[in-house]
Amino acid sequence: MMIMNNFMVIFIMFIIGNLIFVSSNKHLLIVLLSLEFIILSIFFMLLLLLSFIEYDMYMLMVFLVFTVCEGALGLSILVSMIRTHGNDYFQSYNLL
């Protein structure tokens, strides 16, 4: 029963992260934070699932490495956009 409660909390975290990602399109920082929140919920789900089936946690380490690389890449793009445009608004620059 406790595992189902944990899966429900993780699923709600995932849905909230997706709603924030879809609804907020004004600032790049909010979009990056919502992506990190989605990845955190996926990490918790993998942690719960792999510990439930008593599997090795090496896949979680690989997942964390890629998550850190994704976060560093997002922050570098954010810093680059702030330096060139002065803010992180999506309306202040043309994406095409």
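Trainee: Why is Phe44 called partly exposed?
Mentor: The relative accessible area of Phe44 is 33%, and the rule calls a residue buried under 20%, exposed over 50% and partly exposed in between, with a 1.4 Å probe and protein chains only; Phe44 is therefore partly exposed. Bear in mind that this is a predicted model, in which local features need pLDDT of at least 70 and side-chain atom pairs count only at pLDDT 80 or more, while totals for chains, interfaces and linings use all residues. Residues are numbered from 1 along each chain as its sequence is written, and side-chain values use heavy atoms, with hydrogens and water left out.

Trainee: How do you know that Phe43 counts as buried?
Mentor: Phe43 has a relative accessibility of 16%, which falls under the 20% limit for buried.

Trainee: What makes Phe43 and Phe44 a tilted pair?
Mentor: Rings of Phe, Tyr and Trp (its six-membered ring) pair if their centres lie within 6.5 Å, and planes under 30 degrees apart count as stacked, over 60 as edge-to-face and the rest as tilted. The rings of Phe43 and Phe44 are 6.1 Å apart, centre to centre, with 50 degrees between the planes, so the pair is tilted.

Trainee: Why is the pair of Phe43 and Phe63 called stacked?
Mentor: Their planes make an angle of 10 degrees, with 6.5 Å from centre to centre, and an angle under 30 degrees counts as stacked. Phe43 lies in helix α2 and Phe63 in helix α3, so this pair ties together parts that are 20 residues apart in sequence. Both residues are buried, and ring pairs link Phe43, Phe44 and Phe63 into a cluster.

Trainee: What makes residues 28-52 a helix, and how does the reach of α2 compare with the expected span?
Mentor: Helices are DSSP runs of H or I with at least four residues, numbered from the N terminus, and α2 has 25 residues. The expected span is 1.5 Å times one less than the number of residues; for α2 this gives 36 Å, and the helix reaches 36 Å from its first C-alpha to its last. Among the buried residues of α2 are Leu28, Val31, Ile38 and Leu50, and what covers the buried residues includes α1 (2-23) and α3 (58-85).

Trainee: How do you know that the buried residues of α1 are on the same side?
Mentor: The buried residues of α1 are Ile10, Met13 and Gly17. They cover an arc of only 55 degrees around the axis, which puts them on the same side of α1, the arc being that of the directions from the helix axis to the C-beta atoms. An α-helix has 3.6 residues a turn, so residues three or four places apart point the same way. The buried residues of α1 pack against α2, whereas the face turned away from the buried side carries the exposed residues Met4, Leu19, Val22 and Ser23.

Trainee: Is Val62 buried, exposed or partly exposed?
Mentor: Val62, found in helix α3, has a relative accessible area of 39% and is therefore partly exposed.

Conventions
Helix = DSSP H or I, 4+ residues; strand = E, 2+ residues; numbered from the N terminus. Contact = heavy atoms within 4.5 Å.
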